[in-house]
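This report goes through a single protein chain, from its surface to its overall make-up. The sequence and the coordinates come next, and the description follows them.

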Amino acid sequence: MSSTFAVILCSILAVGFFVLGLSLTLIIKGHHIDSEISTNKDMQRMGIKCAVQETREDDGTASCSTTHTLSGCAGNCAACDVEQTERDREKQAMNIRKNAAAHHDEEDEE
């Protein structure tokens, strides 16, 4: 048996072993591992929160609860989209600048 064939055979066996190992939960329990905080009832029961949600609560920048629906923060990780929240803040700042400029132009006309 050549060394190339042995390496390829070992690689195929290793990949097959890892695929089998990763699919044990699906095989035994019949479902995938639920690692999303927003849908995992056990994590919610233990009080585990999304890192973004915890940071916002610590900073006091948003009240992240299931009843509060600020943009990008609805009490779960799926809603804590940092990039979307930053884009929303940029849009709000741009709207404030536009409104201030329009108000300033109206004052100049008077």
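## Nonpolar surface patch

Patches are assembled from residues that have over 30% relative accessible area and no salt bridge, like charges being joined within 9 Å and nonpolar side chains (Val, Leu, Ile, Met, Phe, Trp, Tyr) within 5 Å. Accessible areas come from the Shrake-Rupley method with a 1.4 Å probe, and for residues only the protein chains shown count as cover. The model is a predicted one, in which local features need pLDDT of at least 70 and side-chain atom pairs count only at pLDDT 80 or more, whereas totals for chains, interfaces and linings use all residues. Residues are numbered from 1 along each chain as its sequence is written, and side-chain values use heavy atoms, with hydrogens and water left out.

On the surface, Leu20, Leu24, Ile27 and Ile28 make up a nonpolar patch that has about 420 Å² of accessible area together. Helix H2 (residues 24-29) is the element that gives the most to this patch, with 3 residues, while Leu20 belongs to helix H1 (residues 3-22); helices (H or I, at least four residues) and strands (E, at least two) are DSSP runs, numbered from the N terminus. Leu20 counts as partly exposed because its relative accessibility is 48%, given that buried means under 20% relative accessible area, exposed over 50%, and partly exposed in between (1.4 Å probe, protein chains only).

The search of the whole structure for salt bridges, each being a side-chain nitrogen of Lys or Arg within 4 Å of a carboxyl oxygen of Asp or Glu, finds 1. That salt bridge joins Asp42 to Arg45, with the closest N and O atoms 3.1 Å apart, and both residues lie in helix H3 at a separation of 3 residues, about one turn of the helix. Asp42 is partly exposed at 45% relative accessibility, whereas Arg45 is exposed at 63%.

Asn40 sits in the loop between H2 and H3 and is buried, with a relative accessible area of 13%. A polar atom of the Asn40 side chain lies 2.9 Å from the backbone nitrogen of Asp42. Gln44, for its part, is found in helix H3 (residues 41-45) and is partly exposed, its relative accessible area being 37%. When its neighbours within four places in sequence are left aside, Gln44 is in contact (heavy atoms within 4.5 Å) with Ile37, Ser38 and Thr39.

## Cysteines

For disulfides, defined as pairs of cysteine sulfur atoms within 2.5 Å, a search of the whole structure gives 0. Cys10 is exposed, with a relative accessible area of 52%, whereas Cys50 is buried, at 5% relative accessibility.

## The chain as a whole

The protein chain contains 5 helices and 0 strands, and its pattern, read along the sequence, is α-α-α-α-α. Of its 110 residues, 13% are buried, and its accessible surface comes to about 8800 Å², with 59% of that belonging to carbon and sulfur atoms. Among contacts between residues at least 6 apart in sequence, 27% join residues at least 24 apart.

Methods
Polar contact = N/O pair within 3.5 Å; in protein donor to acceptor, adjacent residues only side chain to side chain.
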